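Here's a chain to look at together, one question at a time. Have the sequence and the 3D view open as you read.

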Amino acid sequence: MSIRHALLAGSVSALALVASGQAFAQTADEPVSTVDEVIVTGIRASLQQSLTTKRNADAIIDVVTAEDVGKFPSSNVAEAITIIPGVTVDRAFGQGEKVSILGTDPALNRTLLNGQTVASADWFILDQPGRTFNYALLAPQIVGRVEVFKSPEARIDEGSIGGTVDVLTRRPLDLTGATTASGALTYLYNDRSEEGDLQYSLLGGWHNENRTFGVLVSAQHAKDSLRRDGLESYGTIPASYYNGGNPENPGADAIANGNCVGDCAATLLANPDARGLNSFGTHFFNQTRERDSYTVALQWRPVEQLDLNFDWLHVDATYNQSLFAFQGNTWNSLGALTDIEVEDGVITYAAFNNALSVLDVQYREAEMTTDSYHLDGKWRGEGWDLSGDVGYSKADGGTQRQLFGEFLNWADYEVDFRGAPGSPGVLTYTDPANNDVLSNPAKFSFDGGWGAGDPSVGPDGYNAGWGGNIVSKPTTDEETYGQVDLGFDRAGFFDRFQFGYKYRKHETDQKMSGVTVQIYGAPDNASLFSPGQVPGNYLDGFDGVNDQMRNRFSVDGDALADYIEAGEYLRPWQAAPVPTIFGNAEFTAQNWNVQETINAFYGQANFENDLLRGNIGLRYVRTESDSGGYVCVNQTASGCGTTAADWEWSVTSKEYDDFLPSLNVAINAAEDVIIRVAAAKVIARPNYADMSNYFWLSDQILTGGGGNPDLDPYESTNLNLAAEWYFQPEAILSAEVFYKDISNYILQQTAPEQHFNQAQNAVTTYQISRPTNAGSAELKGLSVAYQQTFGYGFGVLANYTLVDGEADNGQDLPFNSKHQVNLSPFYESGPFSARVTYTWRSKYFTGLDRGDALYVRDVDTLDATAGYRFNDNVSLTVSGQNLLDSEYYSYANTVALPRGVYRTGRKLMATLAVEF
């Protein structure tokens, strides 16, 4: 396909996805108002254009062009840009959803749509609305190009420490012909779910003969039947818990009750601080992801000096899922321990007698909708220009409904982690007369409760069992903005001056409500919910698992959801439960609202002579925030009350100012060598959830926690030095070193605070856990890139990135892999093209959970694509994603303690594309 790009020389040009290296901006030898049209007809032509624009660059950026996005086997934009040095993605659910740039947390990077904020929403009930962007919502077909800024300019929105990703959609006046129509039909097959789905995309564009008015519309539909197999655990506990050391359950003592004797008792007593997994079992996750995207772009050039553009993006996505997991719950089985082995401080084997197993079935319905409206205009005068932008973006998302059922079983079993990480873990039911637990749904029943009363007539004298819950957690994210920019061109070393102002009003809101499913006697079992055996390829690729695990059963999530929603578990005297935000402090904590008003002014000067070129600027930003959340006003002996009167909505305001200088310089060191220098002060604002005003206290144990609306933004001084050697046509060898000195780093901390204790009727010291600006961090690294085309249609690109970073307390930084490697050989000759892309990243830290440091093991991926163009109008492409069926291995502190080990299968795609 030939795509003609109209590139303003005053903006950054497109660099192909397979280009290595980092930076470019305006063309050095042309005035800003000149339009340079380039025909891009294939991989090598795209690479040549990339090297030309890179060589004339100012800022350090990488760019992916639309043709490159289409050529890579990518289901979203995040996966398309992973070939860029220093860009990594997290694929916890098989798709790239979170992007990290140069070792920084995804929350410390920004994503823009056509230079402006695009609202985003997530689907997972455990996700908190933050400043990350959900890339799974963006269809690659809508993209004109993607620019990744690794060094900032004053004219670009602040808020990124690692980098800024700007997704630019197609424009109608860029189309080659007056009328364009194209379409593509894709068949996607996943070898784990063994499901095939059809996807399509349509695009139609028109502009008049004079190229003064144009319209471009597109529609895309994508469906992905995702299945994730795995092994899971929930937290870790010390070995002392098996010996009466659990402060919440001191009566559970396997030695005292005679279950753990001999070598078991000796090992337990000799290793009280050894850590073991708190439950372990198999994981079976099904999800149907559907995404419909629509775009409209209008361009009008009524006179030569004036350009007007309007863009609209609409995305509808539904992620419906069922999740099934068996868990051996050691908290309720602490006294059932009969055998234990410890190695290097880790419990590697444990056996239990008549211990608890849990079957969790979670049915979730998640919907996400995004709408973005953007109007911009630019007037070009003699030596000056004036532009303006206004827009609005809103996203609704979250989990609309979760229906969660929990079933229990008691049996003898053992768990074995002695083979981890190669064999992550084995669960075996050991009683020959009762070893079909995993394959027999009748052996798992709801918790029917306990007591001397008669639950058939009323609750008196009877304690209900916990059968699950009904939860809703919707979110909203929206922003309104306006911007004006004024530029002056002049002769001399400083050849352009730019000034601008921007206003942003942002609001993020989360609501959560829920209610417990209470079971009073005579509980139903899992056989009621259309059970069946898992597919025959379940747990393929997992070493060490046994037939019991492979042949487990699953139930119909829809049937369970209907059962819970209809209240079929209710006794005649029970009223139907009504979800509320106040029934549980866990729900109340998740209700918050954050509003931000941001005013920014900037000035930027561009300079150029025969030796060097670049820009220097200053951006001033004032941020005002109002953070609202519920604060408990009625503490009871068991915690806060459970009615609306026990809580009060509280709003805390904060404001701060930042001055952000930036400098980008490109030096022509020799005819074929360019040295680049960049320096800047940057900020990244706190996550919205951390800014919540929610607060709670426990008067009995003198603890508490909440958000922190008084948080300051992360601040960083960024330095970059790069060298590029263009040693032959269509070739480059480049290297970049970078350094980031980050202060105000936000960490979760526990510290003493004074509060009024209602139980003691006095001011008391509590240990309060909340996010604070408690630390600093450093990131330093090196990126090396090589690209070259050879004879006979062959070529290659390769890059390596080293990032060394840690907080001042020695803690690793979230989502930073110390090492990253990309290798992509390609071939293109006549109508045929092919390429293979291999990526590898080393282990990375993802966060803290219940005192454990969570990591993901090193992971490699392999994608491939091949295409054949039959004529100017018809082409066929076949692609494969995740051809290694890569393992996502999350662990707590050490690989011997797996927290979640998953595989999502290979994706095979065939696409027939037609263009007229």
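Some questions and answers about this structure follow.

This is a predicted model, where local features need pLDDT of at least 70, side-chain atom pairs count only at pLDDT 80 or more, and totals for chains, interfaces and linings use all residues. Residues are numbered from 1 along each chain as its sequence is written, and side-chain values use heavy atoms, with hydrogens and water left out.

Q: Is Lys502 buried or exposed?
A: Lys502 sits in strand E24 (residues 494–510). Buried means under 20% relative accessible area, exposed over 50%, and partly exposed in between (1.4 Å probe, protein chains only). Lys502 has 4% relative accessibility, so it counts as buried.

Q: Which side chain is joined to Lys502 by a polar contact of 2.7 Å?
A: A polar contact is a pair of N or O atoms within 3.5 Å; within protein, one must be able to donate a hydrogen and the other to accept it, and residues adjacent in sequence count only if both atoms are side-chain atoms. Lys502 has such a contact of 3.5 Å with the side chain of Gln483. The one at 2.7 Å goes to Asp157.

Q: Is Trp384 buried, partly exposed or exposed?
A: You'll find Trp384 in strand E19. Its relative accessibility is 34%, so Trp384 counts as partly exposed.

Q: What separation do the C-alpha atoms of Thr516 and Ile470 have?
A: Thr516 lies in strand E25 (residues 513–519). Leaving out residues up to four places away in sequence, Thr516 touches Trp466, Gly468, Asn469 and Pro577, where contact means heavy atoms within 4.5 Å. Ile470 is 46 residues from Thr516 along the chain, yet their C-alpha atoms are separated by 6.5 Å.

Methods: Helix = DSSP H or I, 4+ residues; strand = E, 2+ residues; numbered from the N terminus.
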